[in-house]
Amino acid sequence: MKIIKNSILKKIFWAVLAASLLAIVTGNYLMYPFFTGLLLEDTESQAVMLGKHISRIIFPMNQQGNVEPDQEDLMQINHAMDEFNLYKLKIFSPGGRVTYSSNSEEIGNFNRNEYFRDVVAHGYVHSETVQKDFFSPDGRKAQANIIETYIPIMQDGYFAGALEIHLDITDRISVLKN
């Protein structure tokens, strides 16, 4: 009888161990990447909605080609940045020149990256995730986990400029990991 109990206990032990390992592997290699993907898609979608809202301020439908925000635009942009808790915002001319940045040192710089020229300037949204303490595409070390989303502004089928919106996802990633 003792041999039977030990045999059953061993089988139960190995079954529980196998189930535990399967749960860990499933969580780490299937569920975490799946939910991270959903988080990134949702954050990009939020950035696009925010970009459309902000672009109405900067690019009124009757205005063509002027991407230089005036004082009233700047007030509304600053209000939107506070209201929507934007980590960073840039406005680009059609040629890729930064006409506004929440980091004033960047105004006047150019975005000469392929994704800007080949994706954004053709009317497509482009997003990149930058992990904390790593370098972003513009060469700056990220102080948080962020998603950089480039939103093209199209007017009458033409590329009128773009917005670059950075959203901080550090807290969301932390909750997901826990």
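Of the contacts in the protein chain with a separation of 6 or more, 51% are made by residues 24 or more positions apart, a contact meaning heavy atoms within 4.5 Å. This is a predicted model, in which local features need pLDDT of at least 70 and side-chain atom pairs count only at pLDDT 80 or more, while totals for chains, interfaces and linings use all residues. Residues are numbered from 1 along each chain as its sequence is written, and side-chain values use heavy atoms, with hydrogens and water left out.

The protein chain is built from 4 helices and 5 strands, where helices (H or I, at least four residues) and strands (E, at least two) are DSSP runs numbered from the N terminus. Read from that end, the elements follow the order α-α-β-β-α-β-β-β-α. The radius of gyration of the protein chain is 24 Å, well over the 16 Å that the globule rule gives for 178 residues, so the chain is more spread out than a compact globule; the radius is taken over C-alpha atoms, and the rule is 2.2 Å times the number of residues to the power 0.38. Along its principal axes, the C-alpha trace spans about 90 × 30 × 25 Å. Buried residues make up 34% of the 178 residues, with buried meaning under 20% relative accessible area, exposed over 50%, and partly exposed in between (1.4 Å probe, protein chains only).

Strand β1 covers residues 88-92 and includes Lys 88, which is buried with a relative accessible area of 10%. The side chain of Lys 88 makes a polar contact of 2.8 Å with the side chain of Glu 106; a polar contact is a pair of N or O atoms within 3.5 Å, of which, within protein, one must be able to donate a hydrogen and the other to accept it, and residues adjacent in sequence count only if both atoms are side-chain atoms. Lys 88 is also among the residues in contact with His 166, as are Leu 86, Tyr 87, Ile 146, Ile 147 and Glu 148. His 166 belongs to strand β5 (residues 158-168) and is buried, at a relative accessible area of 3%.

In strand β2 (residues 98-101) the reader will find Tyr 100, another buried residue, with a relative accessible area of 9%. Leaving out residues up to four places away in sequence, Tyr 100 touches a set of residues that includes Pro 69, Leu 74, Met 81, Leu 89 and Ile 107. Asn 78 is also touched by Tyr 100, and the side chains of Tyr 100 and Asn 78 are joined by a polar contact of 3.4 Å.

Tyr 124, by contrast, sits in the loop between α3 (114-118) and β3 (126-130) and is exposed, with a relative accessible area of 54%. Residues up to four places away in sequence aside, Tyr 124 touches Val 119, Tyr 150 and Pro 152.

Most residues other than glycine have a negative phi. Asn 85, in the loop between α2 (71-84) and β1, has a positive phi of about 55° although it is not a glycine, and at 63% relative accessibility Asn 85 counts as exposed. Asp 156, in the loop between β4 (146-155) and β5, likewise has a positive phi of about 55° without being a glycine, and Asp 156 counts as exposed at 67% relative accessibility.
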